[in-house]
Amino acid sequence: MAHKGRKAIDPHVVMADVVNTKRVTPNMMRVTLGGDELAQLTPVGYDQWFRLFLPRAGQDMLRLPTRTSGLWYAEYLTTPKARRPWVRNYTVRAARPDLNEIDVDFVLHAGPDEGTGEAAEHGPEHAAEHGPGHVAEHGPGAGFAQTAEPGLRVGILDQGISYDAGHEHDWTLLVADESGLPAVAGICESLPEGARGIAVVEVPTAGDRQELRAPAGVELRWVVRSDAHAVPGQAALAELRGLDLAGLGTEMYAFTIGESSLATGARRHLVNERGVPKTQVDFVGYWRHGRSAPG
């Protein structure tokens with residue numbers, strides 16, 4: 001059964017404006033969104049994610065769904081394709097409710113066959129790029145991040161949190177590729193001060209490592225991809241297989257996110273080879289290598 005996480009608190013479809021953009025690493029662009037309507041977004045930390053509605057080329061207005069339940073997608077599909085906005089899923093990298101602003105990180109990663117489609121774990125109603133989105137260089141999310149000018153309007157629908165340990169645990173294990181980096185950052189910054197754990201994050205280049213705030217007991221392990229043509233996430237999976245987890249405690253919570261084969265492969269390894277109970281491992285496939293997103 002697909003992992004559901006925690007639902008959003010009082011979600012609304014709201015409009016936001018681009019405030020500014022910043023290239024934070026070679027393959028990551030940060031877009032700050034703001035506006036009075038963002039006061040209706042309840043920041044909850046961790047890997048809070050949302051639907052991002054983007055205008056298509058030639059559209060003079062953004063047509064947004066009015067429903068906030070799962071019926072938003074049916075309403076979206078009734079809009080003729082030429083008038084539909086793009087819809088993609090992203091993570092709140094940082095929230096400043098006093099300013100009605102959020103930061104959103106977009107992966108700018110080119111590849112001839114790297115898709116933008118979200119893996120089947122989220123079901124067909126989930127459009128691509130949950131999390132920051134692993135996108136081809138000219139995909140709608142990356143294109144937006146690279147060209148957005150202050151004042152450009154977008155739509156947002158809060159979807160809640162995927163990280164949701166349902167049991168008492170001694171320590172946390174996070175495994176992600178670059179598409180899961182904003183989620184890992186949000187989770188690490190939201191963990192209690194005394195938390196213990198390991199976070200394994202794969203990035204395309206050494207320059208894509210970021211300064212993250214994490215409890216002193218959480219070890220952050222960066223894995224730099226040595227082969228530019230490798231499927232993202234496989235280096236992180238190899239790092240996981242080599243980890244010595246002895247002495248960390250028997251009650252763990254593992255959360256594996258990113259490209260589908262990383263998310264599912266990490267869970268399979270932990271359950272089948274490490275003997276971790278399935279109830280202690282959650283996974284979310286943000287995208288699938290070679291599969292493009294629905295339009």
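Mentor: Two strands are taken to pair if DSSP finds at least two bridges between them, and in this predicted model that criterion is the place to start.

Trainee: Which residue in β10 does E202 stand opposite?

Mentor: Strand β9 covers residues 196–203 and is joined to β10 by 8 bridges, the two strands running parallel. Since at least two bridges are needed for a pair, these strands qualify with their 8 bridges. Within this pairing, the residue that E202 stands opposite in β10 is V223.

Trainee: Which strands stand at the edges of the open sheet, and why is one side of each left without a neighbour?

Mentor: The open sheet has 5 strands with parallel pairing, in the order β10-β9-β8-β11-β12. The twist averages 10° from one strand to the next. Each edge strand has a single partner, so one side of each lacks a neighbour in the sheet, and these edge strands are β10 (217–224) and β12 (281–287).

Trainee: Which element gives the largest share of the lining of the second largest pocket?

Mentor: The second largest pocket has a volume of about 270 Å³. Of the 16 residues that line this pocket, the closest to its centre are V92, R93, A94, A95 and E189. Two elements give two or more residues to the lining, namely β5 (94–96) and α3 (181–190), and the largest share, 3 residues, comes from α3.

Trainee: How many residues in the lining of that second largest pocket are charged?

Mentor: Divided by class, the lining of the second largest pocket holds 7 nonpolar residues and 4 polar ones. The remaining class is the one asked about, and the number of charged residues is 5.

Trainee: Is N27 buried or exposed?

Mentor: N27 is placed in the loop between β1 (13–25) and β2 (28–34). Its C-alpha atom is separated by 8.3 Å from that of F106, a residue 79 positions away along the chain. Because the relative accessibility of N27 is 16% and the cut-off is under 20%, N27 counts as buried.

Trainee: What percentage of the residues of the chain count as buried?

Mentor: The chain has 5 helices and 12 strands. Among contacts with a separation of 6 or more, 76% are between residues 24 or more positions apart. Of the 295 residues of the chain, the share that count as buried is 54%.

Key
Residues numbered from 1 in each chain as written. Predicted model: local features only at pLDDT ≥ 70, side-chain atom pairs only at ≥ 80, totals over all residues. Heavy atoms only, no water. 1 Å grid on protein atoms, 1.4 Å probe; cavity = no way out; pocket = protein on both sides within 12 Å on 5 of 7 lines; lining within 4 Å. Points joined across faces, edges and corners; volume = space filled by probe spheres on them. Helix = DSSP H or I, 4+ residues; strand = E, 2+ residues; numbered from the N terminus. Nonpolar A, V, L, I, M, F, W, Y, C, P; charged D, E, K, R; others polar. Axes fitted to C-alpha atoms, helices over the stretch in contact; angles between N-to-C directions. Buried < 20%, exposed > 50% of the residue type's maximum accessible area, 1.4 Å probe, protein only. Contact = heavy atoms within 4.5 Å.
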